[in-house]
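Have a look at the picture before reading on.

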Amino acid sequence: MEEPLVPLVPMSHTAHIRSHRKPRRNAPSLAMRAGVAGGVLSTLAVAAAAGSASAAEPVTQTMELPTLTADLATQVAQSADATQQTAANYELQAERDAAAAKAAKQAKADLADAKKKAEAKKKAEAARKAAAADAVSRSSARTVLSASASTSTNVAASASGSVATVIAFLKAQVGDAYVMGGTGPNAWDCSGLVQAAFKQVGVDLPRVSQDQSVSGTPVSLSNVQVGDILYWGSAGSAYHVGVYIGNGQYLDAANPSKGVVIQDLSGYPATGAVRVL
């Protein structure tokens, strides 16, 4: 049996060379690629929408900015008020501290001054006690007034008995202090000293100089004797008294600066005199 003849087709001279054209895609591959591309486009669309929403958000924040600014201003104002109040409190406290320091300084000065006064008073009291002790010692040594050779006959005749006792007592008080209203034993006023002196011999005189100036028998100053009471001012209203001790002298509690002293009658002449012994 004869085999059928196969027609011979002439071949191109390039048929043996592979084609450089890309092979055609089949339908399923194209569909898959289209789906992927669609998903990408959808994702880009969503991202674009989100980006648009994000871009619009600052507009909302900008709209709320006035409210935030107002709150911030209120807080700043409140903070300023609080700072001002704190400063005022510090200033008030500083003033109080300064006043307290000043008061403490003044109190310290007052205390120092009080201590100085107390010390001075203590020294004065010690001096007064020393003078009192000396006066007692002199009083013991002069219980009897000795007649001196230089004493006048009038003094020698009068300085005996009660008069001598009065004069001795008065001289024993020389150097004591003068104190208004003082009646001894270490401080006297003028009438308190005279009253105490005559009480030594049993004579009770009135307490004040006005009454003492009219006690006893009035005598002229030209006839005054030892032991007579001298007064200054008018009788019945005398403002000062002393006792004549002879030789133109008298003894009295003079004043706060002199105390009990012996003075010359010529330096301070009396107004009158009375005799009670």
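This is a predicted model: local features need pLDDT of at least 70, side-chain atom pairs count only at pLDDT 80 or more; totals for chains, interfaces and linings use all residues.

Residues are numbered from 1 along each chain as its sequence is written, and side-chain values use heavy atoms, with hydrogens and water left out.

**The helices**
- Helices (H or I, at least four residues) and strands (E, at least two) are DSSP runs, numbered from the N terminus.
- Helix H3 covers residues 161–172, and its buried residues (under 20% relative accessible area, 1.4 Å probe, protein chains only) include Val163, Ile167 and Leu170.
- Helix H4 (residues 190–199) has eight of its ten residues buried, so the rest of the structure largely encloses it.
- Among those buried in H4 are Cys190, Leu193 and Phe198.

**The sheet**
- Six strands make an open sheet in the order E3-E8-E4-E5-E6-E7, with antiparallel pairing; strands pair if DSSP finds at least two bridges between them.
- At the edges sit E3 (217–219) and E7 (260–264), each pairing on one side only.
- E4 (residues 229–232) and E5 (residues 240–246) run antiparallel and are joined by four bridges.
- Tyr231 stands opposite Val241 in E5.

**Helices on the sheet**
- H3 packs on the sheet, touching E5 and E6 (249–253), where contact means heavy atoms within 4.5 Å.
- H4 packs on the sheet too, touching E4, E5, E6 and E7.

Terms used:
The expected span of a helix is 1.5 Å times one less than its number of residues. Buried means under 20% relative accessible area, exposed over 50%, partly exposed in between (1.4 Å probe, protein chains only). Axes are lines fitted to C-alpha atoms, for helices over the stretch in contact, and angles run from 0 to 180 degrees between N-to-C directions.
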